[in-house]
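Let's take a walk through this one together. Have the sequence and the model open side by side as you read.

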Amino acid sequence: MNINKSNPLLLHPLNKWMKKKKWSWFPHQIETFHHVRTGSDVVVFAPTGAGKTLTGFINPIDDLIKLKKFKGLHTLYISPLKSLANDIVRNLEKPIKELDLNISFQVRTGDTTPYKKQKQKQKPPNILITTPESLALLNSYENAKVFFHNLKYIIIDEIHTFLDNKRADLLSLNIERVQTFSPNLQRIGLSATLKNKQDAKKWLCRKKPKIVSYENSVLPKIKILESKERIPWSGHMATYSINEIYKEIMKSKLTIIFVNTRAQAEYMFKNLWLINKKKLKIAVHHGSLEKNLRLKVENNLSKGLVDCVVATSSLELGLDYGDVEKIIQVGAPKGINRLLQRVGRSNHNLNTPSKAILVPTNRFEFIEAKAAIEEIQKNNLDKIDLKEGSFDVVAQHIFATACAGQFDINDLYKEIIKAYPYKKLKLNDFKQLINLIQDGGYVLKNYDQFKRIFQLRENKNIYKLVNRRETRKYRMNVGTIIENPMLKIKLGTKTLGNIEEVFIQNLSQGDSFIFAGQVLEFQSMKNNLVQVKRSKSVFSKIPSYSGGRMPLSTNLANSVRALLAKSNMWDSYPEQITEWLKRQKNISKIPKKDEYLVEQFPRKKNFYTVIYTFAGWHANQTLGFLLLRGFKEFNYKPLGFVANDYAIVLWSLKEVKEIKTILNLGLLDKHLDNYLEETSIVKRLFRDNAIISCLIERRLPGMEKTGKQVLFSSDLIYTVLKKNEPDHILLKSSYEDAKKNMIDYDRLREILKKIDKKIILKKLTSISPLAVPIILEINRENLSKKETDEYILEDLENEILKEANVLSIN
Amino acid sequence: MYYQLINFGNEEFHAYPNKSLYWKRLNTLIVSDLHIGKSISYAKNKQFLPPYDTKEILNKIFVSLDKIKPSNLIIVGDLLHDVFSTLSIKDQDYKNLSQYMKNTDFTWIKGNHDKNIQIEGFKNFTNYKIEKFLFTHIPIETSLFQICGHYHPKVKISHRGKTILKTCFVHNEKIFILPSFGILTGGLDIHSTQISDVLGKNNLSIYPVGQDKVYKL
C-alpha cells in the first residue's frame, strides 16, 4: 500500500516541520485537507489541543506553495478576539519561518496602526488574520472589490461563538460580500465540539457542505468540593468554603478560579487575600479591568508567574495557558458547554484529562453541579440555537455598502438573503432599512434635503452616498457590541479600568468599594473620570455589573430536574443536602422530571405562591411579571415577586385560588406586550438598535457626552417614536430582540404550552424546605423603572415635607 | 391638572407637570426652551431623530392654552432650535398659531438659539419686565426678580440606595429657572458648575417633575 495515498499530507510542505517536531497528522486534518481540496466548504469540530488552527491553514499553505509567489490576498482568517488573532500570528510564524516558506501573513485588528493598515491596503499579505469588525470595515472601503477579488479561503475560528449573536449576523453578511467579490471562495469553520453540528454547517457552508469531527475520548475529571462547612441556603459568594478553596489552590501549581460575575470575582479575590497567609500570588481578571492590567495578568499566567487567577468569562476564550493544572468553578455552571469550555482551560494536552472542582454556593447549585458532571460524563452538550438575523445589523451593513460605492438595492437584497440568518428577510423590511439609512425612514417626510443616501435619477434602484464625509461616521460606529455607559477609574494618574456609571452614581464621596482587587475610596467625578484613592476601610461595596447574567441552559435544567427526582441518589450527597431533600419530600413533594410543583402557603400576613419551573432566570423573570398581572386581574392584590434560575415566588394579600386557570399560554399572549412596554427592556434594546443601525452615534472616548446622556436621548427618541410611529422598523427590531434575547420567549412558550396539565399543587401551612432559598432572595423591589422613579419621589416628598401646602386640583 | 404651588418674589405661581409655569394673578403662562425643530437641525448632520417634536411641542402648547386660556404667553427663550427649525413648522401649524394669537398675547424672549430668527405674530424681546419681575433667557445683573430658562435644569435624587435624575423647576431667592418644554431636549444637573454659578449651592427650592405631578423637595 502506498502510504502517500492513504495520507496525502505526507507530501504537504508542513510535513517536514511536523516530523521535526515529532508530531503526526490528526485524522481530522487529513480529512479536512481532502474535502477542501475537492471543493467543499467544511466545518471542523475538534477539542483544544488537537491542532485546530493548523487544520484551517493546511489547504491555504499547500495552495500558496504550489502557486509560487502568489501576489495579493489569498486567505482570510477571522478570529473572535484581538488577542487570539495575535496568538494565531505567533503560531503561524513558527512553521513558516522555520521552513522559510515564501508566504506573507499579517494581523489587522482595531489595534493595528493606521500606517500599517494603509500599507496592508496597498500591498496585502497572502494571509490576513482579522476580526469580524475589521472585515466589515475592509468591506466598506472603495477598493474592497479589488482587495478581495482573488481571495481563495475564509477561515472562521471558534465558529461556535458566532452562531447566536449579532456579531454572527454581521459576520454572515460580510462573508457573503467577499463571496460576491470572489465567487470561488471556499469557507472553513473551526469549532469546539457542538451538539447541533448540522446547524453550524448550515450557517457557514454553501459548496458541497461537509462536517469533520474529532471527539476527545479523554473525559475531564470533575468533582464537587467536599466541604465540612454548611452549604448556605441562598447566596452566590461561596464565603463558607473559602478556606477549602485556598487549600485547593495550594495543592496545585497553577489554578484558575472561574466565577460567574465581575462582582463575584472581586469578592472572591478579596476573600482569598484576607486568608492568604502563605503569600500566594493571586490575581484577578475581568472585562472591566484596564487592558494593560489584563494583559499583565495573562502574561503572568502563561509564564506561570502566578499561583492563581480569579476570572470571569474574560478568560474562557483565548490563549493557551499550558501550565494551568486545575480549574475551580465557583457558583452554578449554568450550562454544559460553558463549563466544558472553562474546564478545558486546564491541561492543554489531549491525552491527559482536565481537572476541575466545582464549588456550589448554595443548595440548588449543588444539585446543578452534580447534574452538570453527569451530563459531561455522557458528553451531552447544550444546543446552540441559531438566531434569526437582526434588522439593525442589516441597516449598518447597508450603510457600509454605501460607503464602498454606489449599489443596486436588488443585488444587495439577493446577496443578503444568501446569508443564513437572513434567509427569511422580507423585501419590504429590507426596503424600510434602506429608508432608515437614507433619512431615518419616518412616515413624516421632513428630511428630504438632508438625506444620507439618495437614488440616482436615471435608475431608482441605484443608491449613492450623498457625502463622502459620512464614511467616517460609519467607521466610528461599526460593530454590534454596545457597552453600558462606563466611567474610567483613576488612582492617581493610573487608570484601573472601567466601571458602570450607575454604580458610581450611587456612591458618595468617601464611600469605599472594591475594584481590581483593591479597596478604593471614591473621591470625585470630573469629566467622566472617577478619581479614587486607596482606602483602609473594611466595609466596602462591590460594583454590580448589569450585563452577563446567564440563564441556566435548558439542557442542564432538564438534567437538574431529573436528578432531583432520583431519590435513590440522595444518600450519596452531603448530609445537609440529603436532609434538605428528605424534609421536602415529607412536608411537600419532590417534583418528577416533567412535573411543575406549585406550593402555596401563608407567611407573615401575606400569601405566598412558589412555582418551580427550572426555566432559567430570564424566562422566570418574565413569567413573574406576567403572573403579577394575572394575579391583579383576579384581584389577589399581588405585592411582588422574585425569580431565580429555578423558581419564582410571588406574594399577595389574598389567597391565590385559581393558579391553574392563570398559569397557561393565555397568560403570555394576553400580557406580554404590556409587560414589554412597562419594563424598560425594549427601551434598553432600542438604544442598542439605534446605535447599531447608526441612527444615533456611538459614544466614543473623548466625546463630552456621557454615556448616560446617550442612553437618555435614545430614550427620548424611543418615546417620541412609540407615540407617533409605533410600526417603525427599529421599534419592530427592538421588540424582536427582546423576544429573542431578554425574555426567553420561546422557552417560556414551550413551558406554558404544557404546564397546566403538569401542575402539582401543594397547599402548605408554612414555607417548604425547597422554597427557602428563593424566599431568602426576597430583598429587592420589583418595580418598573417608571414606578420606581415615582415611588422615590413620592416617598422622599412625604418624608421630608409633610406639610400640606402642596396639592390642589385645578 | 395637578400643579405645585410655588412662591417666588412674594407671588404665587403654579408649576405644571407639562413643564409650564402659570402666574394666576396676571393670567400669564410661561414656558421655556421649546427647541422646536431640533430634529431638523440634527438631520442636517445626518442624525435622523423622529421628526415629530415640532408637532408634539406645539400640541402641548395648544392643549395648555385651551385649558388655561391665558391672556399672555411668555416664552423665555429658545423657542426654536436654529434657523432650519422653521422648516419643520407646517402651514397648518402657522394657521393654528394665529388662531391662538387672537386670544393670547405671544411674547418671545430671544434665547441664544433663536436670537436672529423671526416668526410672524410673535413680539420679540431680549428681556421683558412686568412689575418687579424680569423675564430673560439667561439671568443678568439686576435687582429685579428674574424668570429664566436656558439651563434645562435636572436634579439628582438619591434615596434608599437609588439615584435618579429628574427634570425640575428650581429657584433661589431672586432667580427662577424653568425646565425645558421641549421633547428631544436633554438636561443639566443643578449642581453642575454652570447652574451653581448662577443659583449658588444653598437655599435652592427644587421641584422635580414627575409623571402627572410636580413634587417639592
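First, the housekeeping. This is a predicted model, where local features need pLDDT of at least 70 and side-chain atom pairs count only at pLDDT 80 or more, while totals for chains, interfaces and linings use all residues. Residues are numbered from 1 along each chain as its sequence is written, and chains are lettered from A and ligands numbered from 1 in the order in which they are written.

Chain A is assigned domain 1 (3–213), domain 2 (221–377), domain 3 (391–477), domain 4 (486–534) and domain 5 (588–790); such bounds come from an automatic or database domain assignment. Between the centres of domain 2 and domain 3 of chain A there are 46 Å, taken over C-alpha atoms.

Now for a sheet. Strands here are DSSP E runs of at least two residues and helices are H or I runs of at least four, both numbered from the N terminus. Two strands pair if DSSP finds at least two bridges between them. In chain A, 6 strands make an open sheet with parallel pairing, in the order 8-13-12-9-11-10. Strand 8 (221–224) and strand 10 of chain A each have a single partner strand, so one side of each lacks a neighbour in the sheet. On average, neighbouring strands of this sheet are turned by 20° against each other, direction ignored. Axes are lines fitted to C-alpha atoms, for helices over the stretch in contact, and angles run from 0 to 180 degrees between N-to-C directions.

Strand 10 (residues 282–285) of chain A runs parallel to strand 11 (residues 308–311) of chain A, joined by 4 bridges, and Ala283(A) sits opposite Val309(A). In a regular strand, side chains alternate between the two faces of the sheet. Both faces of strand 10 of chain A are covered, with Ile282(A) and Val284(A) buried on one side and Ala283(A) and His285(A) buried on the other. Buried means that 20 or more other C-beta atoms lie within 10 Å of a residue's own; 12 or fewer makes it exposed, anything in between partly exposed, and C-beta atoms are placed from the backbone. Helix 13 (residues 291–302) of chain A lies across strands 10 and 11 of chain A, at about 130° to strand 10.

Next, strand 9 (residues 255–258) of chain A, which is parallel to strand 12 (residues 326–330) of chain A over 4 bridges. Ile257(A) is opposite Ile328(A) there. Helix 14 (residues 336–343) of chain A packs on the sheet, touching strands 8, 9, 12 and 13 (355–359) of chain A. Why does Ile256(A) count as buried? Because 25 other C-beta atoms lie within 10 Å of Ile256(A). Residues are in contact if their C-beta atoms, placed from the backbone, lie within 7 Å. Beyond four places in sequence, the contacts of Ile256(A) include Val309(A), Ala311(A) and Arg345(A). Arg345(A) is 89 residues away from Ile256(A) in sequence, yet 8.3 Å away C-alpha to C-alpha.

The other sheet has 5 strands in the order 24-25-23-22-26 (chain A), open and with mixed pairing. Its edges are strand 24 (638–643) and strand 26 (759–763) of chain A, and the twist averages 15° from one strand to the next. Strand 22 (residues 596–603) and strand 26 of chain A pair in parallel over 5 bridges, with Tyr596(A) opposite Ile759(A). Helix 23 (residues 617–633) of chain A lies across strand 24 and strand 25 (647–652) of chain A, at about 170° to strand 24.

Then there's helix 28 (residues 729–742) of chain A. Its buried residues include Ile729(A), Leu730(A) and Ser733(A), and their cover includes helix 16 and helix 29 (745–758) of chain A. After helix 28 of chain A comes Asp744(A), with a positive phi near 50°.

Over in the loop between strand 5 (153–156) and helix 9 (166–181) of chain A sits Asp157(A). Asp157(A) is buried, because 23 other C-beta atoms lie within 10 Å.

Finally, the core. A nonpolar core is a set of buried Ala, Val, Leu, Ile, Met, Phe, Trp, Tyr and Cys residues joined through C-beta atoms within 7 Å. The largest has 270 residues, and Ile257(A) and Met268(A) are among those with the most contacts inside it. Helix 16 (residues 391–404) of chain A gives this core its largest share, 9 residues.

How values were computed. Two residues are in contact if their C-beta atoms, placed from the backbone, lie within 7 Å.
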